[in-house]
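Here is a short report on a predicted model. It covers strand pairing, a chain contact and a helix packing.

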Amino acid sequence: MGTRPSSRALIDALRHRPVTVATLCSHSSLQIFHGARMERLSTLGIAVGKPPRYYEAFPLARPDSYLTVPKATEVGKYAKQLNALGSVIVPHGSFVEYMGADRFQALQVPVFGNRAVLGWESDRRKERAWLDSAGVSMPRRYETIDDIDGPAIVKYYGAKGGKGFVLAKNRSDLKDFKPSGPYVIQEYVLGTRYYLHFFYSPLSRDGYRVGPGSLELLGMDRRDEANIDELYKLGSQEELTRAGMRPTFVVTGNVPVVARESLLPKLFDVGARIIERSIELFGGMTGPFCVEGIVTEELEFKVFEISARIVAGTNLFPNGSSYSDLVAPQLSMGRRIAQEILRAQSEDRLDAVIS
Amino acid sequence: MGTRPSSRALIDALRHRPVTVATLCSHSSLQIFHGARMERLSTLGIAVGKPPRYYEAFPLARPDSYLTVPKATEVGKYAKQLNALGSVIVPHGSFVEYMGADRFQALQVPVFGNRAVLGWESDRRKERAWLDSAGVSMPRRYETIDDIDGPAIVKYYGAKGGKGFVLAKNRSDLKDFKPSGPYVIQEYVLGTRYYLHFFYSPLSRDGYRVGPGSLELLGMDRRDEANIDELYKLGSQEELTRAGMRPTFVVTGNVPVVARESLLPKLFDVGARIIERSIELFGGMTGPFCVEGIVTEELEFKVFEISARIVAGTNLFPNGSSYSDLVAPQLSMGRRIAQEILRAQSEDRLDAVIS
Amino acid sequence: MGTRPSSRALIDALRHRPVTVATLCSHSSLQIFHGARMERLSTLGIAVGKPPRYYEAFPLARPDSYLTVPKATEVGKYAKQLNALGSVIVPHGSFVEYMGADRFQALQVPVFGNRAVLGWESDRRKERAWLDSAGVSMPRRYETIDDIDGPAIVKYYGAKGGKGFVLAKNRSDLKDFKPSGPYVIQEYVLGTRYYLHFFYSPLSRDGYRVGPGSLELLGMDRRDEANIDELYKLGSQEELTRAGMRPTFVVTGNVPVVARESLLPKLFDVGARIIERSIELFGGMTGPFCVEGIVTEELEFKVFEISARIVAGTNLFPNGSSYSDLVAPQLSMGRRIAQEILRAQSEDRLDAVIS
């Protein structure tokens, strides 16, 4: 894995001592701690201001101790304390977002997974290049409105948290479109959305072999989005737009799903291609990742995004999912991460899963 | 708890004898019995006419015995028999509705929870006063149609079971509105719905402390409603209305969900405020309750209703939910109720959880 | 059961030897094998071309061995090998579809369930006659467009996989309808869809008694369909049709649901009627079947289709569902099938469950 020289010593320090799973108290932290506890690992909650009260309600997920920081951006200042506890940071979407990707990259504490993925995932153009060159099917990009020949979605650059999108059934829906900033136009693919919770282990040589390791599918969900999901109850998209209400796509939660079994070969193929290409590009994405796509009426799977770490949809399954139940009993993504750390330690291959 | 003097002797009679969990065979009764059996409590099904046949299909949920009554309204006449068995009645929505709130209030049998909540929950104005004074954010009320300045929903008083609602994108949608009876107008909040399955224990001093006890979150669901949920497939709300089809909101079932973890502080805060205010107003709501609200695109949580007892959405989780799995293994709401009864008995504090 | 004379010897051959659960690697095969393994039965995956790679990712579901066939239509040629292993074929939707119903009927290998059901299920008119004569409530049929007096759906004969349907809010929506082939017109029932996972055991005399055996409800789901399920996000049905986009109903996956408990008497009654009538018509449907219907705002249940074997929605529940948890712990449909085979063998009644 593309380990920076500075990390080597930190990883080496974990070889012969008990490890502590540490993460920021948000996003999927309850599940990460719950899973680590199932594997009897120590846990440390990084809390902004003070430990969150809601943790008190979940005795099986509460971390063993807390590190309180004034701001998420300042976690790096506590590297010494974190390392003294033998911490392995488990990143999640909010951790990276609140801390800042640059600061996260520079963190002088061992991190589960390959940090190099951040540079490829946070830049939409690089992410697309990665997926495209992996041979993954994606919604088309339109250069200009004149190129549109079907349903489309316009996304402004830097649109945050699911707002500022414009949907169009066809080009003529956009004839009066006045952009308020730089944007991209994408094909709007009709179908149903599936969020695939993969885990890539560079250590395991059983199972579905990809590169030096193997690929696991541990769950699946669909995101709940406000206001788009229940908007139709009030009226048609067209009339609502006329009345001044815009669709937004802010994730508020998750619902469990399974995909038809005959799709699994395609879904695993997509996961494998993404991993294989990641190995070529930056030494490989390891641990949890999520492939987010749409199954069309032709039963194609079109990938619209990936997340290169644990996603919140895995929170549905602290005790196992319809898929992980076929892998091992009571296997959450959080627990799987803990297992991988323990295995890497016992096989003296921490550098393969930590960066 | 606001125990009526008449109940004192009935509760005392339970101090040193085996308790029987009794409820009306409907709504969430399978789960209530299943949970009580997990805790090795005796169970009694109160059946109208004769024991329901479908119980035979669920051997782990069938009650140990049945009490057959001619009508739900006449349960009170069987108080002696119920008390002879050491019954604790677990109320659910259908129990109270079929029996009648007044008759339920007057029932000379110990009831799990505080019956005083009924007076506050069954009257929409009192419920709103309770929630408003608790500082809980709710959809606005409009006094007249002229006050409307956004999407709205008109609800007729006494509209039963999700019918007789009128939706409007804005004031002009209601310009031809001819009321067919007394009504209220409410802001229609756009977003996704979450139904939070809370449990308030006045006995527990661990966990998320509220008042003298603690608050637990044991699950979450979304209600399935006919015909609104699948109406859009046939056409737009506007065209369907023109064709004479009205949206209705009749609950037909439930789907499991989780909310994003970053919402949990807000959701617990709402639950805590509702409990704290209930203690001031009427001695406290105890045991299961459900907060029903909408998460907006701004990630606000707007409460549109509460249910002051076990809700049918908990039927999704007889063996534990994504939340209760972080509290204790295999913990359903029905089982949690049984645990609270047993704890109250062993600590000689039955009056804190029974009325 | 309507056992063909030719099958008798094959079934007899299984009386005193270990049984192997065999099925085609698709649809619900992971779950079927997983369940069989829980009951310690041997498992055989029938694979077209070569064993599917995705099986490697599910160690608890992988079959013990594979039989590789060049095409699904040629499974019959491997009867000798299948019988040498003591195979009991567990049919699923893809198995019958890929192999061909006629070839499946003629297969000289023991099959779980009564093959005679195929003739009644694959012919829409016979299926309707079965359900109608069972007294099951169904959407109405309209003879001509002029008969339509409400929402309707036009289905072309032989429309494959959820395409080629036309929805109409009323007769006038169809005034310009130009059929492109033979079709049927059905009432379009508004409400929410539930897919009931029943199991009929001719051996069990406990539980919900129907005919000589008993009826179990082991789960419930809702199907995910592309593109209809998320179509509304782009615009109203009417505007989308104008823009040339047609609704399609291709099943892509499944979501877990529960129905309100007060519906259970109706749902069991429907299941029981279908079984009772099947006994009269063709010796009885045994094992798993799925009743697919709509709950209306009047809380009626309208059946629009049945599947006479295991459905893919059961894949949601390899470790038990909200319903099966009330029957027995960790009971999937696949496991239930394995249990029935073992019981039939131990009671020397294989002919009651195998054909």
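## Strand pairing across chains

In which sense do S12(B) and strand S13 of chain C pair, and over how many bridges? The pairing is antiparallel, and it runs over two bridges. S13 of chain C spans residues 258-259. On the chain B side, look at Asn254(B). Its bridge partner in S13(C) is Val258(C).

## The contact between chains B and C

Chain B puts 45 residues into the contact, and chain C puts in 42. Several elements of chain B each supply at least two residues of the side that touches chain C. They are helix H2 (29-38), strand S11 (213-227), helix H8 (237-242) and strand S12 (249-256). S12(B) gives the largest share of that side, seven residues. S12(B) is also the strand that pairs with S13 of chain C.

What classes of residue make up the side of chain B that touches chain C? There are 22 nonpolar, 15 polar and eight charged residues.

## Helix packing within chain B

Now turn to two helices of chain B. H7 covers residues 124-133 and H9 covers residues 264-282. They pack at an angle of about 115 degrees, and their axes lie 9 Å apart. The crossing of H7(B) past H9(B) is right-handed.

Which residues make this contact? H7(B) brings Trp130(B), Leu131(B) and Ser133(B). H9(B) brings Ile274(B), Arg277(B), Ser278(B) and Leu281(B). By class, the residues of the contact of H7(B) with H9(B) are four nonpolar, two polar and one charged.

Terms used
Residues are numbered from 1 along each chain as its sequence is written. Chains are lettered from A and ligands numbered from 1 in the order in which they are written. This is a predicted model: local features need pLDDT of at least 70, side-chain atom pairs count only at pLDDT 80 or more; totals for chains, interfaces and linings use all residues. Axes are lines fitted to C-alpha atoms, for helices over the stretch in contact, and angles run from 0 to 180 degrees between N-to-C directions. Helices (H or I, at least four residues) and strands (E, at least two) are DSSP runs, numbered from the N terminus. A crossing is left-handed if the near helix is turned anticlockwise from the far one by less than a right angle, and right-handed if clockwise. Two residues are in contact if their C-beta atoms, placed from the backbone, lie within 7 Å. Ala, Val, Leu, Ile, Met, Phe, Trp, Tyr, Cys and Pro count as nonpolar, Asp, Glu, Lys and Arg as charged, and the others, Gly among them, as polar. Two strands pair if DSSP finds at least two bridges between them.
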